[in-house]
Amino acid sequence: LSGSDLGYLGGFGPDFGEEQFYAFELTLDRLWPFIAEPFYIPPGRFPANTRDLSFLVDEEITVPAVTGLIKKVGGPVLEEISLFDYYRGKNMPSGKKSFGFRLYFRAPDRTLTDKEVDSFVRKVVDEVVGIYRAQLRGKEEDWTSS
């Protein structure tokens, strides 16, 4: 910033562990003037309706790609997506991995019905399965047959 260092970023190779990793350090004193004043967003008046979806995907598919698609097709009431599970390894088909997402749906003016949320979830599942050739895992598999 204006010729001053704000911090350091470094990569560490396999000599320091099984995989490469990165570390950084920031000097916050120089950043405070650029940080906005804190503000408060009150929680929604109506409860969120959540759904958990787990997908089996090809190894090259990334979490940001699937999350981006879910945001795109999830509808106006999709408030938040969180990754709660990422697994690859034992008991997984070769070249596959598993993503588990929790989707939060909330309307600003009312409580959403299960039927409304189900229609958004069905659309999400159809798109993820269709575009990424994903397989819906577990009890959620019922979404594709309804």
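Contact here means heavy atoms within 4.5 Å. With that in hand, a few friendly notes on this predicted model.

1. **Ground rules.** Because the model is predicted, local features need pLDDT of at least 70 and side-chain atom pairs count only at pLDDT 80 or more, while totals for chains, interfaces and linings use all residues. Residues are numbered from 1 along each chain as its sequence is written, and side-chain values use heavy atoms, leaving out hydrogens and water.

2. **Threonine 67.** This residue lies in helix H1. Is threonine 67 buried or exposed? Threonine 67 is buried, with a relative accessible area of 16% (buried is under 20% relative accessible area, exposed over 50%, partly exposed in between, with a 1.4 Å probe and protein chains only). Leaving aside neighbours within four places in sequence, threonine 67 is in contact with Ile81 and Phe101.

3. **Overall layout.** The protein has three helices and six strands, and from the N terminus on its elements run β-β-β-α-β-β-α-β-α. Helices (H or I, at least four residues) and strands (E, at least two) are DSSP runs, numbered from the N terminus. The C-alpha trace spans about 60 × 45 × 20 Å along its principal axes. The radius of gyration is 20 Å, whereas a compact globule of 146 residues would have one near 15 Å; the value is taken over C-alpha atoms, and the globule rule is 2.2 Å times the number of residues to the power 0.38. Buried residues make up 29% of the 146 residues. Among contacts with a separation of 6 or more, 66% come from residues 24 or more positions apart.

4. **The four-stranded sheet.** Which strands form the open sheet, and in what order? Four strands form it in the order E4-E5-E3-E6, with antiparallel pairing; two strands pair if DSSP finds at least two bridges between them. E4 and E6 stand at the edges with a single partner strand each, so one side of each is left without a neighbour in the sheet. E3 and E5 run antiparallel and are joined by 10 bridges. Serine 54 stands opposite glycine 100 in E5.

5. **The E1 and E2 pair.** Strands E1 and E2 also run antiparallel, with six bridges joining them. Glycine 10 has alanine 23 in E2 as its bridge partner. Of the six residues of E2, the number buried is zero, so E2 lies largely in the open. Glutamate 18 is found in the loop between strand E1 (7-12) and strand E2 (21-26), and this glutamate is exposed, with a relative accessible area of 83%. The C-alpha atoms of glutamate 18 and tyrosine 86 are separated by 19 Å, the two residues being 68 apart along the chain.

6. **The largest nonpolar core.** A nonpolar core is a set of buried Ala, Val, Leu, Ile, Met, Phe, Trp, Tyr and Cys residues joined through side-chain atoms within 4.5 Å. The largest one has 27 residues, of which Phe55, Ile70, Phe101 and Phe105 touch the most other members. Strand E3 (49-58), helix H1 (63-73), strand E4 (78-87), strand E5 (96-105) and helix H2 (114-132) each supply at least two residues of this core. Its largest share, seven residues, comes from H2. Not counting residues up to four places away in sequence, phenylalanine 101 touches a list of residues including Phe55, Val63, Val66, Thr67, Ile70 and Ile81.

7. **Aromatic rings.** The structure holds four aromatic pairs (rings of Phe, Tyr and Trp, the last by its six-membered ring, pair if their centres lie within 6.5 Å; planes under 30 degrees apart count as stacked, over 60 as edge-to-face and the rest as tilted). The rings of phenylalanine 12 and phenylalanine 21 are stacked, because their centres are 4.9 Å apart and their planes at 20°. Phenylalanine 12 counts as partly exposed at 28% relative accessibility, and phenylalanine 21 counts as partly exposed at 35%. Tyr86, Phe99 and Phe101 form one aromatic cluster.

8. **Backbone points to look at.** Most residues other than glycine have a negative phi. Asparagine 91, in the loop between E4 and E5, has a positive phi of about 60° although it is not a glycine. Asparagine 91 is exposed, with a relative accessible area of 81%. Arginine 133 also has a positive phi, near 50°, and lies in the loop between H2 and strand E6 (135-136). Arginine 133 is exposed, with a relative accessible area of 59%.
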